[in-house]
Amino acid sequence: GLTHRVMREKLYKDFDKIYIINLHGSMRNCETDENVFDVQVGTSIVFFVKLKNPLSENKKKVYYFSTLENGIISRKDKYAFLKSKDGEIDKIKWIELKPAFPNYWFVHKDLSLEEEYQKYWKLTDIFEIYSPGVLTGNDDLFIDVKKERLIDKINYLLKHPNELLANYKFSGKKRLALEKNMLNNEINLDIIKPIEYKPFDNRFLYYNKHIIERARYDTSKNIKEKNLVISFLRGRNIASNSILITDKIVDNNAFSVTTYFAPLYLNDDPSAPNFTKSFSDFVSKNYSQFLPKEILSYIYAILWSPFYRAKYNELLKIDFPRIKFIDNMEDFKKLVDLGQQLIEYHLLGDRVKPDDLEFPEDGQIAKVKYDQKEKRIYFNPKNYIGRIEPEVYNFEIGSYKVIDHYIKSRKNT
């Protein structure tokens, strides 16, 4: 990632030879192979070599091997490779890397389109106000699927703080700060807000900026009833669908890692788009016939384009995504229309027809299982949701399989 580039530079300059076996398996980066350990982060084996007579910088060597790029996918196969002769350091089919300023990458990247890609508009250069999502400090207490239950919890917290703070394992400075902030606060239903907690999983948040840990107030205050909000990741595999539209405040871990969000309008006012001055000037000069909502629709269409994702795959992994704005107005309008349709679907608008599915009358959630042949999601032996196509069940955003996670997270609720 970008945050480790100084560390990579230091390692590159301190050692004469570096050998990297990237074993991948990162759930957080939405990699599809198995991890060699029972952890979510990717793993690697690295040998750092210092020679008795140090090499000059232009003669230093970094060698790289990727199990994923060589079709070694399962944990079993990775172990077998490492134990085999093919896994011996002098037998591995290394790729020589050429780390260079500013990022000093220690992985193999195709950056042949970088010069072209860097000319496009970065998402964070488009929106004036954006931030990571809201962080409560204790989701079990401050967020709930049911509004009534959240009200009951907050009322109880204000009346019996010691008991509830102990139950929810608050301690030390965090507990003292919370107790201090609660002294002058009473339950206010106006600050119970809907929140995009996970993809398509909307819940209720006790949005008291004096009590929750990171309210992101400068961003959140703009989101009321008429706004659209784009949530996105930085430097991730965009093929994992790391972009989603909503009309709500966004949780910090909505896509399993730090999730950013930006409202379309300031103060919920359609006449005040949340665009930087430079981007506003660019739109006025080149796309003045399009409304801010249509510009957002174009951006959304581009970021969901399979062709765009495939073409700039490596570059989209590095930083916030960049958007190419085309000159052909006819094609631009077509993309606007596609983006508007996709936004309506993702907001679960009128285009979404629940009667296309089979729903049970009732039933407790026990074990969630998908039957591909029957196209049913069973959540106990008798009850299921039917007519679910495999591509719908397997649809992911970030690190979450949307339907599966939604159902499992409502067990015992």
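Y104 lies in the loop between β4 and α3. In this predicted model, Y104 has a positive phi of about 50°, although the residue is not a glycine. The side of the chain on which Y104 falls, in terms of cover, is clear: Y104 is buried, with a relative accessible area of 6%, and the cut-off for a buried residue is under 20%. The loop between β4 (95–97) and α3 (114–117) also holds P102. A cis peptide bond joins F101 and P102, with omega at about 5°.

A positive phi also occurs at N267, where the value is about 55° and the residue is again not a glycine. N267 is placed in the loop between β14 (265–266) and β15 (269–273). N267 is exposed, with a relative accessible area of 51%, because exposed residues are those over 50%.

The protein chain as a whole contains 16 helices and 21 strands. Its C-alpha trace spans about 70 × 55 × 55 Å along the principal axes. Of the 413 residues in the protein chain, 43% are buried. The chain exposes about 23,000 Å², and carbon and sulfur atoms supply 50% of this area. Among contacts with a separation of 6 or more, 68% are between residues 24 or more positions apart.

Strands of a sheet pair through backbone hydrogen bonds, either parallel or antiparallel. Strand β1 (residues 17–24) runs antiparallel to β2, and 7 bridges join the two. Within this pair, I20 stands opposite V46 in β2.

Strand β8 (residues 192–198) is mostly covered, with 5 of its 7 residues buried. Strand β8 is joined to two strands described here, β9 and β12. With strand β9 (residues 201–206), β8 runs antiparallel, and 6 bridges join the pair. Opposite I192 stands Y206 in β9. The hairpin of β8 and β9 has 2 residues between the strands, and in this hairpin F200 takes a positive phi near 60°. With strand β12 (residues 249–250), β8 runs parallel, and the two are joined by 2 bridges. The bridge partner of I195 in β12 is I249.

Two packed helices are described by the angle between their axes and the distance between the axes. The axes of helix α11 (residues 292–303) and helix α14 (residues 329–346) come within 7 Å and cross at roughly 85°. This angle makes α11 roughly perpendicular to α14. On the α11 side, the contact includes E294, I295, S297, Y298, Y300, A301 and I302. These residues meet F332, L335, V336, G339, Q340, L342, I343 and H346 in α14. The residues of the contact of α11 with α14 divide into 10 nonpolar, 4 polar and 1 charged.

Conventions: Residues numbered from 1 in each chain as written. Predicted model: local features only at pLDDT ≥ 70, side-chain atom pairs only at ≥ 80, totals over all residues. Heavy atoms only, no water. Buried < 20%, exposed > 50% of the residue type's maximum accessible area, 1.4 Å probe, protein only. Helix = DSSP H or I, 4+ residues; strand = E, 2+ residues; numbered from the N terminus. Pairing = 2+ DSSP bridges. Axes fitted to C-alpha atoms, helices over the stretch in contact; angles between N-to-C directions. Parallel < 35°, antiparallel > 145°, perpendicular 65-115°, else oblique. Contact = heavy atoms within 4.5 Å. Nonpolar A, V, L, I, M, F, W, Y, C, P; charged D, E, K, R; others polar. Areas by Shrake-Rupley, 256 points an atom, 1.4 Å probe, with all protein chains shown as cover.
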